[in-house]
Every structure is written in C-alpha cells, then in structure tokens.
Amino acid sequence: MNQNKALSMIGLATKAGKVASGEFCTEKEVKSGRAYLVIVADDASDNTKKKFQNMCDFYQVPIYFYKDKDTLGHAMGKEFRASLVILDEGFAKGIRKHIDTENQTIA
C-alpha cells in the first residue's frame, strides 16, 4: 500500500513540474544545487548507481535506490526511467517518508 503512496507522490511532483529525469538532467540538477532527492532504480547498472551515489555524497543530496526502471517510469507517465530528481523540498520529504516507512515494514 505504501509503495503506491511514494509512487503517487512522484506522479504528483511530475505533474507539478518538480521532477527531472534521465541521467543527464538528474546530474545537472544535482550539480546546480536544486535537487532535494535523487531516486535511482534498483535495476540500474552498477556504474550508474555508483556514479549517483558518489555525486550525491559529494553534494549532500539524499539518494534512494527504489523499485525498478519500469515502475519509476510508469509513476512519471513515461516508458522507463533509471534516475530521477525531485526539485521540491515538500515532495522530497513526503516521498522519503513513504519510502522509509515501506523499507521498515519489509525489513
């Protein structure tokens, strides 16, 4: 149930124009300092995960490895997405809360 809440919030943020997706745009937003949260698909390549992990550590942006490319893309109304960035603090906090809640119920 909670997984849908996080994905729904990603969809809402997308409609509000507060999401950038794709590797290039995600990287650009993190480096410009406008990123509040980065989400990378669990099934993204190890190279992609490492790149974003290092970048987010350096720029102090929270990062989550969540779901798969198809699920993330579907939440945004796109085909598939390996990475996306949330550009709004409110959406970022809400999505983090739902992902954290979901991770605690699974573990």
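User: Where is the place of Asp43?

Analyst: This is a predicted model. Strand 2 covers 37-40 and helix 3 covers 46-59. Asp43 is therefore placed between these two elements, in the loop between strand 2 and helix 3.

User: Is Leu84 buried or exposed?

Analyst: Leu84 is in strand 4, residues 83-86. Leu84 touches residues that include Ile10, Val19, Leu37 and Met76. Buried means under 20% relative accessible area. The relative accessible area of Leu84 is 0%, so Leu84 is buried.

User: How many residues apart in sequence are the parts that Glu23 and Lys51 tie together?

Analyst: Side chains of opposite charge can pair when their charged atoms come close. Glu23 and Lys51 form a salt bridge, with their closest N and O atoms 3.0 Å apart. Glu23 lies in helix 2 and Lys51 in helix 3, so the pair ties together parts whose separation in sequence is 28 residues.

User: Which residues are linked with Lys51 in a network of salt bridges?

Analyst: Lys51 also forms a salt bridge with Glu27, where the closest N and O atoms are 3.1 Å apart. Lys51 lies in helix 3 and Glu27 in helix 2, so this pair ties together parts 24 residues apart in sequence. The network links Lys51 with Glu23, Glu27 and Lys31.

User: Is Glu102 buried or exposed?

Analyst: The side chain of Glu102 meets that of Lys67 in a salt bridge, at 3.3 Å from N to O. Glu102 lies in helix 5, residues 89-106. With a relative accessible area of 8%, Glu102 is buried.

Notes. Residues are numbered from 1 along each chain as its sequence is written. This is a predicted model: local features need pLDDT of at least 70, side-chain atom pairs count only at pLDDT 80 or more; totals for chains, interfaces and linings use all residues. Side-chain values use heavy atoms; hydrogens and water are left out. Helices (H or I, at least four residues) and strands (E, at least two) are DSSP runs, numbered from the N terminus. Buried means under 20% relative accessible area, exposed over 50%, partly exposed in between (1.4 Å probe, protein chains only). Contact means heavy atoms within 4.5 Å. A salt bridge is a side-chain nitrogen of Lys or Arg within 4 Å of a carboxyl oxygen of Asp or Glu. Lists of a residue's contacts leave out its neighbours within four places in sequence.
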